[in-house]
Amino acid sequence: MRVNVMVTEPRMAHEAVCIYDLIGPDCITFEDGKKIYEIIHPELKQGSTVVLDFAGVEVLATPFANTAIGNLLEDMTLCQVQNGLSFVNLSSDFGPMIDLVIENASQYFSDPSIRDIVSQSLKECG
Amino acid sequence: MRIYIPTINDTVKDFQALFSLQQLIDQSLNVEFDFSHCSSLKPHAIALIGGLARSVEKRGGTVHFEWKTCENRVLHHLIRNEFVRAFGSDIQTQAYDSIPYREHTLKDKASIMEYLKKYWLGRGWVGVSPLLKSKILGNVWEIYENAFGHSHSPIGVISCGQYYRSSGKLQLAVTDLGMGIAQNVQNYFSAQIARILGGPILGNYSSIDDEGALEWAFTEGMSTRQGAAAGLGLKLLKEFIRVNGGQLQVFSNHAYVEIDKNGEQYHRQEESIKGTIVNISLQCDNRYYCLAVEKL
């Protein structure tokens, strides 16, 4: 499965969630990812659109991205996330990372055989 | 107990010697470190010795470093990387080519990232673009996140490094004295099996050996954390090390992995480490490294 991050033109400042203001330049921890998740998840669940503004973000690590964005797929469809969430000021290489996070999370939360990773691994280990 | 620190380089045999020391020190409450048998210490050895000393103190014991037994070269190295200062001698000096010894007792991302940016990748020893640097830092952060999140290390996480001007090598070691990556994966597997079976597992059941557990932990997408977690894939770091000609070594429990341009080799080791050592070695050449997308 291939998904593509939607990068939109910058919207009005008050519409965007400014990651730098909330977290700072280093978006790397699970805890910081949870802060963002708790802001955007209720909005998206209500059907609102959310713009994540990455201006000023220097380091993006998967613990943050998995928690902030990947976990949205736990109770939302891929379509809901893709239609509701967009990104601005995302540096050229952060896009593929977020693509991968969404793809992995979508598989993890939608496919029981992948979700139960341990069972799969145990089978492989004999 | 008097512990004679041997010369420790970075072959597998050197790591085994280091882990033998851990077993001795773990049985002692009063430890004196003697350096008279030591002519050189690599960053991973310094980080582990510091961690072991702190673990003795945590258990209520005492530690004494016999600085006067150090060869001048070793002592200068330990002063410059602030190891001596960390253990009570108030000697100040310039860092020169050292990445200072640091004990990160809390998961303080600001101080750890500042440390990595300022002392490791921020000194121009390896030519990397800002974007590639940020990606490498993101991957290395995962090592700290894993150590703080899973290991339950009593002494936190310790970092230490060195730039070797003559060989053009930059080393960074990250160590914790927690349960170890393999043990953590095995505990997770056991818990999941118990969940599937609907009750606790009787006896000493281990479904996967240490090498397999370490390999599982380094496979992208595998994680013992609940939710959409990607695990310690370290994809970008591995790729950079391959292109750069560097090496990533990870020792944990009875297993270790060596990752370099020849691939990823998992092995069993005779001596076990209670905890984890991650040793990142980069080549400092004249090349400038950037991401493929930056070349467009």
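In which sense do β8(B) and strand β9 (residues 263-283) of chain B pair, and over how many bridges? Please describe the sheet around them and what packs on that sheet.

Author: The model is predicted: local features need pLDDT of at least 70, side-chain atom pairs count only at pLDDT 80 or more, and totals for chains, interfaces and linings use all residues. Residues are numbered from 1 along each chain as its sequence is written, chains are lettered from A and ligands numbered from 1 in the order in which they are written, and side-chain values use heavy atoms, with hydrogens and water left out.

β8(B) and β9(B) pair in the antiparallel sense, over 13 bridges. Pairing here requires that DSSP find at least two bridges between two strands; strands are DSSP runs of E with at least two residues, helices are runs of H or I with at least four, and both are numbered from the N terminus. Within this pair, B:Tyr256 stands opposite B:His267 in β9(B).

The two strands belong to an open sheet of 5 strands in chain B, with the order β4-β6-β7-β9-β8 and antiparallel pairing. β4 (98-104) and β8 (247-260) of chain B stand at the edges, each with a single partner strand, so one side of each is left without a neighbour in the sheet. From one strand to the next, the twist averages 15°.

Helix α5 (residues 109-120) of chain B packs on this sheet and touches β4, β6 (157-164), β7 (169-176) and β9 of chain B, where contact means heavy atoms within 4.5 Å. The direction of α5(B) makes about 170° with that of β4(B); such angles run from 0 to 180 degrees between N-to-C directions, and axes are lines fitted to C-alpha atoms, for helices over the stretch in contact. Helix α8 (residues 210-217) of chain B also packs on the sheet, touching β8 and β9 of chain B, and its direction makes about 50° with that of β8(B).

Chain B has parallel pairings as well. Strand β1 (residues 2-4) and strand β2 (residues 30-34) of chain B run parallel and are joined by 3 bridges, with B:Arg2 opposite B:Glu32 in β2(B). β2(B) is joined in parallel to strand β3 (residues 62-66) of chain B by 5 bridges, and B:Val31 has B:Val63 of β3(B) as its bridge partner. The chain passes from β2(B) through helix α2 (residues 43-58) of chain B to β3(B) in a right-handed β-α-β crossover; right-handed denotes a path from the first strand over the helix to the second that runs clockwise when the strands point away from the viewer.
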